[in-house]
Amino acid sequence: MNATLATNTPPSPTSVPAAALGSVSLVGAGPGAKDLLTLRAVEALAHADVVYYDSLVDDDVLDFVPDAAACVFVGKRKGFSAMPQQDIQDHMRNDALAGKTVVRLKGGDPFIFGRGGEELQDLHGYGFSVDVVPGVTSATAAAAVAGIPLTHRDVATSVTFATGHTTNGDVPDLTGLALSDRTFVFYMGISNAPKIASQLRHSGAPGTTPVAVIEQATLPGQRIINSTIDALEADLRTQNIGMPALLIVGEVTALGVPKSDSLIPLAPSPEPANDFAWVHHPMG
Ligand SMILES: C[S@@+](CC[C@H](N)C(=O)[O-])C[C@H]1O[C@@H](n2cnc3c(N)ncnc32)[C@H](O)[C@@H]1O
C-alpha cells in the first residue's frame, strides 16, 4: 500500500472516454476485527488502486490492499475530520474519472449510520454506478461478543437501531417507541447517554431496565459493562468508557455474558477479544 494522497485535479467527465472510467465500491469493513471482513470486501480491497478509509477500520484490514495502491485516511480522530465530506466525494469521483478502481472503506456496514447513503447519492448524481459491499454492523457484532440475542421470542419481538447523536447533536425523539418487547441499540450514544436515559424513562421504561455498554467490540480493547437506565450515567463515568462504544437497552441484555464464577471456559478461542464461550458448570 502507498499512503500518498492522490491528486485532486478533476478531468472533465465529457473529455474522458467511457472505457477509461474506473469504478467505485462502498465497502463495509465490519466492526474492527480483521476476520469479520467479508470475502467480497477482501476481494474489493485486493483490486483497489486507491482506498479511502475511516477511523473505525482496524489498520490490519489494510493488509489486504496491494502495495502499489494508495490508502488515504479520511476519518475522524479526536473529533477532527481528516477530510471534509465533500472533499472525500470529490476525490472518489475524480479518481474514478481518471480510470482508478476506488474503494471507500467504512466501519461496520456502509448504510448504517455511515454516510454511505450520501456518498451513493453523490456518485449516482454524477452518473456512476456504485457497488455496495455490506459489512457486519457493530450492533450485531457487539451483541454477539456480549452473548446478547437482540431479539428473543419471550422478551424482544423487535430491535431498533438508533443514533444517539443526531446532526444537531441531540438524541432522536423516542416518543411512541415503547421499550416493552423491544431492544434498542444506540450508536454514537455515549456522550448523550443521560439524555437517552431520560427519554427512555419518559417513554415509560422502568429505570431498572438492563443496559449493556460494549466498548471496542471485537477489538483487543473490548469491554462489556452491565448497567441499568438509572445507573447508566454514573457507570459510564466510573468505568471511563471510551470510543467506539454502543448501548444495548432492553431485557435481552440480562441474557448476556454471565458474570457468575459457576461457569467454566471452553477451549481457548483462536482470536483475542472473544471471551464469551462459556458453559454452565454442573453445580452440586
Ligand atoms: C458513525 S457510526 C458508524 C457505524 C457503522 N457504519 C456500523 O455499521 O457499525 C460510529 C458508531 O458505531 C459504533 N461502533 C462502531 N464500531 C464499534 C465497535 N467496534 N464497538 C462498539 N461500537 C462500535 C459506535 O457507537 C460508534 O460511535
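In what order do the five strands of the open sheet run, and is the pairing parallel or antiparallel? I read the order as 3-2-6-1-7, with parallel pairing. Strand 3 (70–73) and strand 7 (130–133) are the edge strands, each pairing on one side only. Neighbouring strands here are turned by 20° against each other on average, direction ignored. Angles run from 0 to 180 degrees between N-to-C directions, and axes are lines fitted to C-alpha atoms, for helices over the stretch in contact.

Ground rules next. This is a predicted model: local features need pLDDT of at least 70, side-chain atom pairs count only at pLDDT 80 or more, and totals for chains, interfaces and linings use all residues. Residues are numbered from 1 along each chain as its sequence is written. Helices (H or I, at least four residues) and strands (E, at least two) are DSSP runs, numbered from the N terminus. Two strands pair if DSSP finds at least two bridges between them.

**Whole chain.** I noted six helices and 14 strands in the protein chain. Of its 284 residues, 40% are buried. Buried takes 20 or more other C-beta atoms within 10 Å of the residue's own, exposed 12 or fewer, partly exposed in between, with C-beta atoms placed from the backbone.

**Strand 1 and helix 1.** Strand 1 (residues 23–28) runs parallel to strand 7, joined by four bridges. S25 has D131 in strand 7 as its bridge partner. Helix 1 (residues 39–46) lies across strand 1, strand 2 (50–53), strand 6 (101–106) and strand 7, at about 140° to strand 1.

**Helix 2.** I checked its length. The 13 residues of helix 2 (residues 85–97) should span 18 Å at 1.5 Å a residue, and the end C-alpha atoms are 19 Å apart, which agrees. The expected span is 1.5 Å times one less than the number of residues. Its buried residues are I88, Q89, H91, M92, R93, D95 and A96. Their cover includes strand 1, strand 2, strand 6 and helix 3 (116–125). I counted contacts as C-beta atoms, placed from the backbone, within 7 Å. G99 follows helix 2 with a positive phi, near 95°.

**Strand 12.** Is strand 12 (residues 245–249) mostly covered or uncovered? Covered: five of its five residues are buried. A245, L247 and V249 lie on one side, L246 and I248 on the other. Side chains alternate between the two faces of the sheet in a regular strand. Strand 12 pairs antiparallel with strand 9 (residues 182–187) over three bridges, and F184 stands opposite V249. With strand 10 (residues 210–215) it also pairs antiparallel, over five bridges, and V213 stands opposite L247.

**T228.** I found T228 in strand 11 (residues 223–228). T228 is partly exposed because 17 other C-beta atoms lie within 10 Å. Beyond neighbours within four places in sequence, T228 contacts G207, T208, T209, P210 and V211. The C-alpha atoms of T228 and V213 are separated by 9.9 Å.

Note on methods:
Two residues are in contact if their C-beta atoms, placed from the backbone, lie within 7 Å.
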